[in-house]
Amino acid sequence: MNGSFNKEPLREEPMLSVRDLHVRFSTSKGLVHAVRGVSFDLGRERLGIVGESGSGKSQTGRALLRLTAGNGRIEAEKLMFSGMDLMHANARTMRNIRGSRISMIMQDPKYSLNPVLTVGAQIAESCRRHENIPRTEAKKRALSMLDTVHIREPEKVYSLYPHQVSGGMGQRIMIAMMLITNPDVMIADEPTSALDVTVQMQVLSLLDDMVRERGMGLVLISHDLQLVSSFCDRVLVMYGGRIMETLDAKRLDEAQHPYTRGLLNCLPRLDGRHDDLPVLERDPAWLAQPSDASGVFEQ
Amino acid sequence: MIDINDFSITFGSGKNQIQAVKNFNLSVAEGESFGLVGESGSGKSTVLRAMVGIYSHWTGTIRIDGQPIAHKRTPASRKHMQMVFQDPYGSLHPRRTVDATLSEPLIIHGMDKREERVLKILGEVGLGPEYRFRYPHQLSGGQRQRVAIARALILEPRVILLDEPTSALDVSVQAEILNLLSALRKAHGLTYVMVSHDLAVVGHLCSRIAVMNRGVVVEEMSEDQMRTGDLKHEYTRQLWTASHGYDRKALAGFKEIA
Ligand SMILES: Nc1ncnc2c1ncn2[C@@H]1O[C@H](COP(=O)(O)OP(=O)(O)O)[C@@H](O)[C@H]1O
Ligand SMILES: Nc1ncnc2c1ncn2[C@@H]1O[C@H](COP(=O)(O)OP(=O)(O)O)[C@@H](O)[C@H]1O
Ligand SMILES: [Mg+2]
Ligand SMILES: [Mg+2]
């Protein structure tokens, strides 16, 4: 499966295929329809999901791993991962897929790391869960992975607890933990939002390496359209649980949808000027239109 | 309006001691908007917090409008300089209505015509009178930040310190808040010092920017330099490049700045 692959995304054979995905939550105030008919394919590429808070990005990502909260229900015409039907996979199959074939980096590293285990032990354990190797070998790999994610003193950091590391370091540790299992697909939910721009770029370059060198498929969730399009191959723009538009990242300036244009225009620019920023005018009609499905490969 | 000379501050002691800010100088004219940018932990918030008297164990001098400020601030001196924080959730009391939040500083400073002042300031930050008796949980993130700005403005200060005022907001809401801050500065002739890790945000509101790294200002940037990227210090150049998006080639040349 991991034979030869091109540098160009393999459009003809998606690893992940999603059709008409819906996520609904029942709450005391009624039904929340968080994801409304999302369809896309993922190849060995960098796919961005962009939108403002509440647009359904995280819930789309979590549904792919069936990690939706207990009060939520997933429906989809199709949810396939390399020949497996994720909609009907049993709990054991899902457990095997999670964290070894599809990994997810959650928005907040502090909640995703176990507070009572050293970070090194967690990375090593993640490695051992995936592959049956001796402890010493797992430790060696964990240390080298810490080095890969640009942690300066891996030996020292290995024995620190999560509360002893900074947010930026915590996020890189999370990424190390996810990458050590060599997943086919990585879903990264705002992996760099808590980081400084320069560190943010370094983390993105690690994910970039995984896509280029190991043919991983990456779903990068973010609110930063500018950043995502400078990094990804394609971008899905979400609003109100729907895909408004699917963009070729290199052609951001050709974006058609007024929501996409609005998101771009309202960003401050480094042009030394201080004119008022255009504000985003929302049109209720956007919520009535069906999800854009141009992100699927076969058409 | 603001003059800071040789400001330094240290936290902790023994081997945990860290010098958060070293030999910091700053000079901001009345009505000017000055920016401080740098990675997290570089000492930006510490400077603002010392200015409003949250920290008192610093060395050096801080002058506001020619008057040196004491290490412990008096209510009178606080009135002229107010701060807006990043987190619009944490900075408002969850069980206080907008009215109570805005009236409190008026009561402390013994100011009259409270109802009139509250309604006027709400209007100025773009919230109608219908927001007056709402609680924070009944407001969106952007509306909460408007309330926080109203609270800072209600004492009619001359200087506003802004600590990452839009970092927790969506980009569309950020644009609205930046426009509001800009309009308020013009209308009241306010002097701003704004802190952010986002160079574009600071560059939008400010005409001069100091770049901090590990407690020291490494370079000051003009509007021209924001545009052209003609910068001297390695860290400033990296920050400028990274602020323009992902660039794999440029990244390969990045160095850890010690
Ligand atoms: N467990 C839940 N119960 C009810 N509503 C939820 C739950 N989880 C998420 N939501 C709602 O789903 C919508 C989409 O959320 P999310 O996918 O997290 O947005 P984003 O990641 O784009 O900010 C939001 O309106 C959110 O409030
Ligand atoms: N109250 C405090 N006690 C101990 N250390 C502090 C305190 N406040 C700030 N620091 C330290 O001072 C340095 C600068 O922090 P800060 O000014 O908050 O940075 P920034 O706002 O640029 O992110 C950091 O290393 C931080 O840990
Ligand atoms: Mg989210
Ligand atoms: Mg700060």
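A: In this predicted model, strand 2 (18-28) and helix 1 (44-51) of chain B each supply at least two residues of the shell around ligand 2. Helices (H or I, at least four residues) and strands (E, at least two) are DSSP runs, numbered from the N terminus. Helix 1 of chain B makes the largest contribution to that shell, with 3 residues. Residues are numbered from 1 along each chain as its sequence is written, and chains are lettered from A and ligands numbered from 1 in the order in which they are written. Local features need pLDDT of at least 70 and side-chain atom pairs count only at pLDDT 80 or more, while totals for chains, interfaces and linings use all residues; side-chain values use heavy atoms, with hydrogens and water left out.

The residues around ligand 2 are B:F11, B:I18, B:A20, B:E39, B:S40, B:G41, B:S42, B:G43, B:K44, B:S45, B:T46 and B:Y55 (a heavy atom within 4 Å of the molecule puts a residue in this list). By class, the shell holds 4 nonpolar, 6 polar and 2 charged residues. Here Ala, Val, Leu, Ile, Met, Phe, Trp, Tyr, Cys and Pro are nonpolar, Asp, Glu, Lys and Arg are charged, and the others, Gly among them, are polar.

B:T46 has a polar side-chain atom 2.5 Å from an oxygen atom of ligand 2. A backbone N or O atom of B:S42 is 3.2 Å from an oxygen atom of ligand 2. On its own, ligand 2 has 560 Å² of accessible area, and the protein covers 61% of it (Shrake-Rupley method, 1.4 Å probe).

Ligand 1 can be described in the same terms. Around ligand 1 there are 13 residues, of which A:G54, A:K57, A:S58, A:Q59 and A:N71 come nearest. Strand 1 (16-27) and helix 1 (57-64) of chain A each give at least two residues to this shell. Helix 1 of chain A has the largest share, 3 residues. The shell around ligand 1 divides into 3 nonpolar, 8 polar and 2 charged residues.

A polar backbone atom of A:G54 lies 2.7 Å from an oxygen atom of ligand 1. For A:S58, an N or O atom of the side chain lies 2.8 Å from an oxygen atom of ligand 1. A:N71 places a polar side-chain atom 3.0 Å from a nitrogen atom of ligand 1. Taken alone, ligand 1 exposes 560 Å², and 68% of that is buried by the protein.

Over all chains, the whole structure has 7 aromatic pairs, counted for rings of Phe, Tyr and Trp (its six-membered ring) with centres within 6.5 Å. One of them is formed by A:F231 and B:Y246, which are 4.8 Å apart centre to centre with 85° between the planes, an edge-to-face arrangement (planes over 60 degrees apart; under 30 is stacked and the rest are tilted). A:F231 belongs to helix 9 (residues 225-231) of chain A and B:Y246 to the loop between helix 9 and helix 10 (248-252) of chain B, so this pair joins two chains.

Note on methods
A polar contact is a pair of N or O atoms within 3.5 Å; within protein, one must be able to donate a hydrogen and the other to accept it, and residues adjacent in sequence count only if both atoms are side-chain atoms.
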